[in-house]
Amino acid sequence: MSSFSQQSFTKVVIWGFPLHTHTHSYIHAGWVKGFKHLGYETHWFDDNNYPRDFDYSHTLFITEGYADANIPIESSSIYFVHIARTPEKYIGKVARFIEIRYLVDGIIDCNYNYVLDKTKCEKISESTYDEKLRDNGGIAKHHAAPQPMDYECIYTCWATDLLPHEIVEESIYQPREKKIYWFGSANHMNTKEIAIFYQECIKNGIEFIANDPWRNPLPFNVVEEYTKRSVMSPDFRTSGDPNKIAIGETGTCHKQIGYIACRLLKAISYGHLGITNSRHAYELLEKKVIYNSDERQLFYDAAYQLKNYNLIKEQMRIVREKHTYLNRIQDLLTALAK
């Protein structure tokens with residue numbers, strides 16, 4: 001632990017969604033695993049399951065705006081809040097409040113309406129930028145008539161669920177099945193980009209087996225095991241007009257706005273060739289992954305490189321060194337030290 005973190009907080013509380021109840025619960029699990037590995041006293045509570053007699057003072061909280069109804073507000077504690085729908089809940093009442101926003105070019109949905117201008121930010125790492133805000137105009141409901149409000153936010157992306165020592169090159173050589181085991185609510189039946197890739201799989205005798213985590217949540221080790229069995233494990237971002245989407249459907253234009261998903265980082269950490277249709281993910285990973293915005297051609301580009309073990313090792317090195325929750329935790333601590 002850094003001396004700064006020891007002086008600022010004595011424990012960490014992830015206040016969020018219980019595991020498997022929400023897709024963001026897997027992000028909360030990543031924070032918990034990372035902080036525990038670093039030796040911090042770490043707890044995971046939620047709005048319906050938390051101790052009333054717990055000492056919440058001098059705590060570093062990480063939470064989410066749809067999961068913080070009952071979070072204790074402590075004047076000595078630090079709060080990182082993803083989708084901070086009500087910054088005024090924290091501003092002036094806690095030791096430090098920092099919102100966590102998506103690392104995207106811009107976003108318009110039911111929660112947010114902002115454009116990321118990196119010239120106004122301080123760069124913390126390739127994955128994280130810090131900005132001092134002067135109003136709440138980035139929050140969708142206040143965008144048209146923002147209220148003056150001084151607070152801080154960081155723009156970042158998530159990470160693999162593996163720790164650096166768990167990202168091992170032996171997994172590269174694991175026998176693969178002529179199947180793709182797909183874990184995600186977006187699949188070949190409801191997402192055109194995946195459907196295009198799926199058609200090439202069928203033409204080449206590759207079975208595509210999908211599992212929706214909302215309907216059938218599975219433990220981390222099961223997802224990892226079946227992903228490793230897959231012949232390949234691509235990442236797809238969906239496309240659409242970000243100015244014409246329905247409210248709440250930001251996921252339909254990830255390809256345009258530059259949303260960085262953890263799917264690609266996880267796949268690489270499990271020993272797979274990194275494959276994506278996202279230019280932003282390609283650039284974040286130092287242009288060392290297989291990228292094509294044309295999902296049909298992406299299949300063949302990837303198939304050609306599947307046994308390029310040196311490239312996979314290089315991708316794994318990048319993820320191991322820069323894209324685990326230990327890296328994201330360091331970014332949080334760096335933001336706090338400013």
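I began with the lining of the largest cavity, which is made up of Tyr 26, Ile 27, Gly 30, Ala 159, Asp 161, Phe 220, Cys 262, Lys 266 and Tyr 325. I am working on a predicted model, where local features need pLDDT of at least 70, side-chain atom pairs count only at pLDDT 80 or more, and totals for chains, interfaces and linings use all residues. Residues are numbered from 1 along each chain as its sequence is written, and side-chain values use heavy atoms, with hydrogens and water left out.

My rule: on a 1 Å grid over the protein atoms alone, a cavity is a set of points where a 1.4 Å probe fits but cannot get out, while a pocket is an open set with protein on both sides within 12 Å along at least five of seven lines; lining residues have an atom within 4 Å of a point.

I found 3 cavities of 30 Å³ or more, and the largest has a volume of about 50 Å³ (the space filled by probe spheres set on the points, which are joined across faces, edges and corners). Helix H2 (25-37) gives the most to its lining, 3 residues, and helix H6 (262-269) supplies at least two. Helices here are DSSP runs of H or I, at least four residues, and strands are runs of E, at least two, numbered from the N terminus.

Next I turned to the largest pocket, which holds about 1,500 Å³ of space. Of its 48 lining residues, Thr 23, Ser 185, Arg 237, His 254 and Tyr 259 are the closest to the centre. H6 gives the largest share of this lining, 4 residues.
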